[in-house]
Amino acid sequence: MYKIVKKEMLNPSVVLMDVYAPDIARVCKAGQFIVLRIDEVGERIPLTIADFFPEEGLVRIVTQAVGYTSRKLMNMSQGDSFLDFIGPLGQESEIENYGTVLCVCGGLGIAPMFPIARALKKAGNKVITVVGARNKELLIWEDILKEVSDEFYITTDDGSCGTKGLCTIVTKEILDREKIDHAWAIGPVIMMKFTALLTKEYNVPTTVSMNPIMVDGTGMCGACRLEVDGKTKFACVDGPEFDGHKVNWDLSMKRMNIYKAKEAISLEKAIKGGF
Amino acid sequence: MALNLNRVDMPNRDPNARNKDFIEVAEGYDVAMAEEEASRCLNCKKPLCRSGCPVNIDIPRFINQVTKKDYDAAYYTLKEFSLLPAVCGRVCPQEHQCEGACILNPKKGAIGIGRLERYVADKFRESGKEEALKKEAPTGKKVAVLGGGPAGLSCAYDLAKLGHEVTIFEALHTLGGVLMYGIPEFRLPKNIVEKEIENIEKLGVKIEINSVAGRVNTVEKLMKEDGFDAVFIATGAGLPYFLNIPGENLNEVYSANEYLTRINLMKAYKFPEYDTPVFVGDKVAVIGAGNVAMDAARVSKRLGAKEVYIVYRRSKDEVPARLEELEHAEEEGIKLQLLTSPIEVLGDDNGHVTGLRCVSYELGEPDESGRRKPVEIPNSEFDMPIDMVVMAIGQGPNPLLLETAKGLDLNKRGNIIADDYGKTSIDGVFAGGDIVTGAATVILAMGAGKNTAASIHEYLMSK
């Protein structure tokens, strides 16, 4: 059992949890993920690690209530435990001193971006961060991410904070005025797609973090397949980070919809369950 | 005395009832059947059956004990050699092993050894008796077993009996490996697997689930920091193969591993009671014709598919699945689409599967495996209307551990190179099961685990 030592709502639909998993906290690196299962009937879901504290033995996860399991997870309290918590899985981010790095994050992508931006900063990079959200209320962790960034920009779809519009607007401005050596984009697939399309115009190598449907997360099942440069890859063992200019985005978007019909049934169950 | 060649059949549930649920298909012998079958055994002086058994069970002895109605003794005879008799009695390919080697086999009257093994193991378990476990005095030696499937469990069991301190590190949330995630409930009930595995813990073996080999524990760390004297790597065949044909990443294309894991391990057949979903196709094509393919096809039928096809590029004679599995599948309404190979999965704009484009084959000259080589018939392309595809064409080695075990020699397929005693290129590191041989059977993995346990024991005691 893996105890939720701390639970904090970052906004009405986003939760932060620190989970006691000392073996994982000891060895995990920026860019990796865990798989968790809430209880005996639960499904295994992957979550990118948002932070880790080796001395306290804690792994931090941040998630948003979207589907059944994430709602069920949000319904858990501090002191409750996950039945299973497995990791670290996936390859770590390739952290090096690139020079100037642009970190573009959308929505919940802010959380997994944090340890990467921190590591990039520590490696000597100039870190420019762009954070996009639908509105001010949905912004999370902007202060934390700001601390590890040399420059920091916020965009909101409705203009309630920072620049009005999608994060690609500010990203383009930066690309126009500054030589960027490497970019990272983490967020919804559609946001990563358009960010990668943009950086490609400027020939800026771009790393994206994929978060497809998974089961075991150890290479055994292949649920997380995607196409990179025309070849099939498994996000769990080959990724989760890939060259954003080579990902077949449309395929990845379609593959998110496999269980659309089942999700409706699950959601009904969630409502009945009171979460 | 005239030879009795009449094998006693084991009853199976009605195909049209069983193909709608996940309750076990084979019903097992009753006492009269078991006695009759056991009485046919010739109790050969040089039992050929034993030589056919990968774990060398003293088969004549246990069968003789059945004829004497000494069922407990028969059970303990089995347990001397095998950790999992109720499992092996169900899933071993006996026709190629003990029963294939039986002196009565050429006359089509091989003793039903698997059925008797199953009977004896079930009878003991159902009696509720506490199993007496014998264990040697502690040796003070520590062994880490990476992987809790048939090879790892079997090795851990033998080493623990010999007095060593054993820890199993398992990546999934439960022990059993393919017995839990791969083989469906209707062929191998999970409560039976769990019960047989329980003895491992009773022997004092420590179990660390959710522990991915090569991540939290590298081989180097286990030996240098954690004080393990030897490591047994049994991480199995992990990475599923695909055909590399267009359309393979469409939504309703599964690897058999994923499909069966969702259903068996995650219990998606009980969705929404269980949270894990699985797609239920109307017309399902399973590519491949091994035991795993049969399992995937039979599962699809049970979930409600109207038509299920086994698509295989050779003919019925070459089907690699056990004969019994093939027969059961056909009885349940699975159709064989033989001498056919897919060249493309067809889909719509939203990424959903709409069909399978195939070509027809005919059998040509025998190839290096001795089987007649399938040869494509020109201009034979045709489309099957299908809404779901399961790829059951095998698996490669799991890459995770191998990434982090420095100095371990691998062959060109990525499997660990180990000698007949399980020794690898690193001193004190042994390997066995699918990670060495490539995907094989439960009992071969158990045999490897058992043999390697003997060689690990020798290694530890000579240190």
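Q: Is Glu178(A) buried or exposed, and what is its relative accessible area?
A: Burial is read from relative accessible area, where buried means under 20%, exposed over 50% and partly exposed in between (1.4 Å probe, protein chains only). Glu178(A) has a relative accessible area of 18%, so it is buried. This is a predicted model, in which local features need pLDDT of at least 70 and side-chain atom pairs count only at pLDDT 80 or more, while totals for chains, interfaces and linings use all residues. Residues are numbered from 1 along each chain as its sequence is written, chains are lettered from A and ligands numbered from 1 in the order in which they are written, and side-chain values use heavy atoms, with hydrogens and water left out.

Q: Which side chain does Glu178(A) meet in a salt bridge?
A: A salt bridge is a side-chain nitrogen of Lys or Arg within 4 Å of a carboxyl oxygen of Asp or Glu. Glu178(A) pairs in this way with Lys126(A), at 2.5 Å from N to O. Glu178(A) lies in the loop between α5 (167–177) and β13 (182–186) of chain A and Lys126(A) in strand β10 (residues 126–133), so the pair ties together parts that are 52 residues apart in sequence. Helices (H or I, at least four residues) and strands (E, at least two) are DSSP runs, numbered from the N terminus. Lys126(A), for its part, is partly exposed, with a relative accessible area of 29%.

Q: Where in chain B do Glu131(B) and Lys79(B) lie?
A: The closest N and O atoms of their salt bridge are 3.0 Å apart. The pair links distant parts of the chain, with Glu131(B) in the loop between α8 (113–127) and β1 (142–146) and Lys79(B) in helix α5 (residues 71–81), 52 residues apart. Glu131(B) is buried at 11% relative accessible area, and Lys79(B) is likewise buried, at 3%.

Q: Which residues of helix α15 of chain B are buried, and why do they line one face of the helix?
A: An α-helix has 3.6 residues a turn, so residues three or four places apart point the same way. In helix α15 (residues 323–331) of chain B, the buried residues are Glu325(B), Leu326(B), His328(B) and Ala329(B). Seen down the axis of α15(B), they fall within an arc of 165°, so they line one face of the helix; the arc is that of the directions from the helix axis to the C-beta atoms.

Q: What follows α15(B)?
A: The helix is followed by Gly333(B), whose phi is positive, near 100°.
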